[in-house]
Each structure stands twice: as structure tokens, then as C-alpha cells.
Amino acid sequence: MDGMITASVVTWENGTDLVLHATAPLPPAQVWRAITDPEVVAEWFAPFTRDDAAESAADTGATEDGEILTFTLDGEDLQAELLACEEEVHVLLEFQALGRVGITLEAPDPEDTASATRIVVTHTYTSLADAAGLIDEIGPVWETHLRYLGEVLGLELIDVSEDELYAKYAQLAAEVRDEAFADQDDAEDRNDAEDRG
């Protein structure tokens, strides 16, 4: 993962994403196995099982949108609906307790897919304000799991202390809060102008 994990926030028409990026000097197929094989996922996130229909589809190599995956995290079951899955490209889940989370694999050089894979983790929020209130709590969790994934893949990451990790996401949350308040102020100014006009 080139040693670094970067984090940013992207706002789009239907929500706001916390986006974490890392690079693994491995082909997408190898990284894909690490994010989809239940035994490997148990090493960096949590063990999971698929519902019976999903297991039978897996036997034929099929993946069905709408499948339910049950992750066991800290002794509690966490269910997620599989919204989309494209082999060696992306998986998108809707967790009952966490919301929408995606993992995308990108080859930085489309002509050389064996050289490296960019791993993109996204956690979607309904608004910039919602993201601002949760990033400082959720960001360190996803980065920690991404670091565990790096270890499973045999990669060396730059060590970051817990204090540095939490400070990184506290700073990002503060920037998002500033942007959310600026957007809110702009909207109020427009409404006031319309009321006067």
C-alpha cells in the first residue's frame, strides 16, 4: 500500500462519502480474494456467512444482488445486503447498523493490471452535516481495518499512533463541519434574498 492511507470527503448529488485510498503492489485478483473470501476477511474485518440462496449461487460462481451477508463482529451479528458486486472491481454493501460501504479496486495503469491495485473504501452519509458528525469516530475504524487488510496482504505500512490516527480524522471532520456550515449559511442567505425579493 505504498505505506500511506489517505482520506478525503466527496460530496455528490445523493450524499457524501468518506473515501479512504491505499495502494497495494499486487494484482487486483489477489486483493479481490482478500476482500471476498470469508476466511481471509475474518483476519482483517470479521468472519461472515452468506444466506442459503447465496451459498448455492456461489457454488455455480454466480453472485446475486440482494444477498444477505452476516458478519460477526465483537460477538454481535451485523447484517448487510449486497447491493452490487463486480468481480475484481467492486463490492457495495448496505449494513443495517453502519449504512452503505463500498470497496473498489482500481488498476492505476489499465494497461498493466499486474503492477498495483488501488484500494478505495467508501462510507456514504446522507449529507455533509451527517458526515461531519461521524467522520472522527468512523474514519479511524475503517483506516484500522484497511491497515489490517494491508498486513494480511503482506504489505508494509507507515506506522501511525492511535493519537495521530484520531487527530487525522478529527481534522477532517472539522473541515467538513466548516464546509457544512458554510453551505447552510449560503442556503439561508439565498432564502432571505428570495423572501425580500
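Helices (H or I, at least four residues) and strands (E, at least two) are taken as DSSP runs and numbered from the N terminus. The model is predicted.

**Overall layout**

On that basis, the protein chain holds five helices and eight strands. Reading from the N terminus, the order of elements is β-β-α-α-β-α-β-β-β-β-β-α-α. The chain has 197 residues, and buried ones make up 38% of them. Among contacts with a separation of 6 or more, 51% link residues 24 or more positions apart. The accessible surface is about 11,100 Å². Carbon and sulfur atoms account for 47% of that surface.

Strand 5 spans residues 76-86. It pairs with strand 4, residues 68-73, and also with strand 6, residues 90-95. Each pairing is set out below.

| Strands | Sense | Bridges | Residues between | Turn residue and phi |
|---|---|---|---|---|
| Strand 4 and strand 5 | antiparallel | six bridges | two residues | D74, about 55° |
| Strand 5 and strand 6 | antiparallel | six bridges | three residues | E88, about 65° |

Both turn residues have a positive phi: D74 in the strand 4 and strand 5 hairpin, E88 in the strand 5 and strand 6 hairpin. T72 has D77 of strand 5 as its bridge partner. A80 has F95 of strand 6 as its bridge partner. In a regular strand, side chains alternate between the two faces of the sheet.

**Helix 4**

Where does helix 4 bend? The bend is at I135, by about 60°. Helix 4 covers residues 128-152. G154 follows helix 4, and its phi is positive, near 75°.

Definitions and conventions
Residues are numbered from 1 along each chain as its sequence is written. This is a predicted model: local features need pLDDT of at least 70, side-chain atom pairs count only at pLDDT 80 or more; totals for chains, interfaces and linings use all residues. Side-chain values use heavy atoms; hydrogens and water are left out. The bend at a residue is the angle between axes fitted to the seven residues ending there and the seven starting there. Two strands pair if DSSP finds at least two bridges between them. Buried means under 20% relative accessible area, exposed over 50%, partly exposed in between (1.4 Å probe, protein chains only). Contact means heavy atoms within 4.5 Å. Accessible areas come from the Shrake-Rupley method with a 1.4 Å probe; for residues, only the protein chains shown count as cover.
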